[in-house]
Amino acid sequence: MAFTATGFPGLLIFEPTIHGDHRGYFFESYNAAIFEAAGIHYQFVQDNQARSGYGVIRGLHYQVPPFAQTKLIRVLEGQILDVVVDCRKNSPSFGKVFSIELSAANKKQLLVPKGFAHGYSVLSETAEVLYKCDAFYNKGAEGGVLFNDPALEIDWKIPEEARKISDKDRILPCFVDIEPVFQFEP
């Protein structure tokens with residue numbers, strides 16, 4: 001099966017089938033029929049792409065309802081530590097952190113449903129990240145959680161002196177202080 005459960009409801013690892021030979025490889029990075037056959041029904045409407053250098057930490061971000069986004073994240077070049085926090089009240093994984101290394105080499109993707117704060121750190125010299133979204137970005141709907149919230153104990157795998165973080169991300173609230181705008185729906 002192309003999908004692996006993470007123990008967080010709705011948060012899935014997608015591993016496409018790779019067809020390789022002496023010429024290189026080919027794979028379908030996204031195929032709506034494969035997702036539909038697995039009972040996963042999203043209509044992606046926007047692709048975002050970012051390139052960053054080693055030590056960059058982006059996040060933890062989300063869009064508040066009704067502009068919340070499901071994301072399908074993959075790495076085109078390099079390696080990242082992808083991190084999510086479940087912000088859905090009444091979820092069995094509420095307030096818990098999940099992380100996974102995504103890379104151009106392993107070709108794994110992370111399907112992040114609405115209600116998660118998302119971020120990543122760049123572990124390689126550079127990384128290029130592409131993610132599909134099922135809703136359009138809305139600047140007025142930005143929300144987030146402080147990347148170094150002590151209660152979350154996230155190991156970004158980047159030494160503190162090498163971290164590159166935006167001013168905006170440095171002032172996000174701790175998890176305990178965010179408004180509970182997401183509700184878990186089993």
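I began with strand β12 (116-122), and I found it mostly covered, with 7 of its 7 residues buried, where buried means under 20% relative accessible area, exposed over 50% and partly exposed in between, for a 1.4 Å probe and protein chains only. The model is a predicted one, in which local features need pLDDT of at least 70 and side-chain atom pairs count only at pLDDT 80 or more, whereas totals for chains, interfaces and linings use all residues. I number residues from 1 along each chain as its sequence is written, and side-chain values use heavy atoms, with hydrogens and water left out. Strands (E, at least two residues) and helices (H or I, at least four) are DSSP runs, numbered from the N terminus.

In a regular strand the side chains alternate between the two faces of the sheet.

Next I looked up the partners of β12, taking two strands as paired if DSSP finds at least two bridges between them. Strand β8 (residues 79-86) runs antiparallel to β12 and is joined to it by 7 bridges, with Val83 opposite Gly119. β6 also pairs with β12 in the antiparallel sense, over 3 bridges, and here Ile57 has Ser121 as its bridge partner.

I then turned to the pockets. On a 1 Å grid over the protein atoms alone, a pocket is an open set of points where a 1.4 Å probe fits, with protein on both sides within 12 Å along at least five of seven lines, and lining residues have an atom within 4 Å of a point. Grid points are joined across faces, edges and corners, and a volume is the space filled by probe spheres set on the points.

The largest pocket has a volume of about 620 Å³. Of its 30 lining residues, His61, Tyr131, Tyr137, Glu142 and Lys168 are the closest to its centre. β6 gives the largest share of this lining, 5 residues, and β12 is among the elements that supply at least two.

The second largest pocket has a volume of about 180 Å³, and its lining includes Pro9, Arg88, Lys114 and Phe184.

Last, I checked Ser91, which lies in the loop between β9 (88-89) and β10 (97-103). Ser91 counts as buried because its relative accessibility is 7%. Leaving aside neighbours within four places in sequence, Ser91 is in contact (heavy atoms within 4.5 Å) with Pro9, Asp86 and Phe184; Pro9 and Phe184 also line the second largest pocket.
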